[in-house]
Amino acid sequence: MLVAAALRWTDPRASAHPLTGAAPSAPYAAGASPADRCALEHALRLAEQLGGRCLAVTVGPAGAEEMLREALAAGVDGALRIDGPDGDEAATAHSLLAGLTAQGPLPQVVVCGDRSQDRGTGATPALLAASLGASQALGLTELAVDTETTGGVRLRAVRRLDGGRAEELRVPLPAVCSVEPGSVRPRRAALAAVLAARRAEVAVVRAGAREGAGVRAGRTRPYRPRPKVLSAPDGSTRERLLALTGALTPPRTPPRVVTPPSAEEAAELLLAHLREHGVDVAGQR
């Protein structure tokens, strides 16, 4: 039985040249993420429990072979570098499938990190599982061979849920699993294994672009700006209608026009109006 550890070669501190756009990677900064190192350790343990072989595979340039040599030093039986497109998750999954198909029998178990460090979405394991027609169990904190199930080999996996809960899964083979960083402690390679891995051969296969990949031009049409998003008005519909119609406005005294025949009568009317509204006009005459 073949167990594969799909590793993502990334450089979290890579920067693009302002003129050429080239993004060289530092040899001591690029490599596998903590999640991928845990995936490698899980793959090694599964291969030991199942009595099978473990293969480390990646999609990347020649510089990614340094990461594969670290996997060889850790104990994998073979390393495979796929020279193919990996512009997005779908392209990476396609390249992985093409490379694994070219190297021989497809693995029964593929273990990946839950997401890469270069702003990955974690969709590559799901896309690879769909391409292989395999079961998928993603975002795992534990992964091992299920020793309690009879009638076929299955994996026992534990996935973290919200609210501090967890769920236990029984995963039939073939399967693609992704694990979280810190789910297991990666082993350290011995010095003799590190020296031997530097002289080991890394297989390289070439994978072409998938059919239908690339940028597709849509239908030509006049430019139409997107509608402006406005915030919802405050209050309920009834409250807004009452505010617009003035139904909630306090009643007021309508204006009155008086034409007294003399100045004395006009003064009396003014004083009476002031007294009506609480103005003390005593002794003001």
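Let me start with Glu-180, which counts as buried at 17% relative accessibility. Buried means under 20% relative accessible area, exposed means over 50%, and partly exposed lies in between, with a 1.4 Å probe and protein chains only. This is a predicted model, where local features need pLDDT of at least 70, side-chain atom pairs count only at pLDDT 80 or more, and totals for chains, interfaces and linings use all residues. Residues are numbered from 1 along each chain as its sequence is written, and side-chain values use heavy atoms, with hydrogens and water left out.

What does Glu-180 pair with? Its salt-bridge partner is Arg-160, and the closest N and O atoms are 2.6 Å apart. A salt bridge here is a side-chain nitrogen of Lys or Arg within 4 Å of a carboxyl oxygen of Asp or Glu. Arg-160 sits in strand 6 (residues 154-160) and Glu-180 in the loop between strand 8 (175-179) and helix 5, so to speak distant parts of the chain, 20 residues apart. Helices (H or I, at least four residues) and strands (E, at least two) are DSSP runs, numbered from the N terminus.

Next, a network: salt bridges that share partners join Glu-142, Asp-146, Arg-156, Glu-168 and Arg-170. Arg-159 also forms a salt bridge, with Glu-167, at 2.5 Å between the closest N and O atoms. Arg-159 is partly exposed at 25% relative accessibility, and Glu-167 is partly exposed with a relative accessible area of 25%. The whole structure holds 13 salt bridges.

Arg-37 and Glu-70 meet through their side chains at 3.6 Å, N to O. Arg-37 belongs to helix 1 and Glu-70 to helix 2, 33 residues apart. Glu-70 is partly exposed, at 40%.

How many of the ten residues of helix 2 are buried? Eight are, so helix 2 (residues 65-74) is largely enclosed by the rest of the structure. Among the buried ones are Glu-65, Met-67, Leu-68 and Arg-69. Their cover includes strand 1 (2-7), helix 1 (34-50), strand 3 (78-83) and helix 5, where contact means heavy atoms within 4.5 Å. After helix 2 comes Gly-75, with a positive phi near 130°.

Last, helix 5 (residues 191-198) contains Leu-195, which is partly exposed at 44% relative accessibility.
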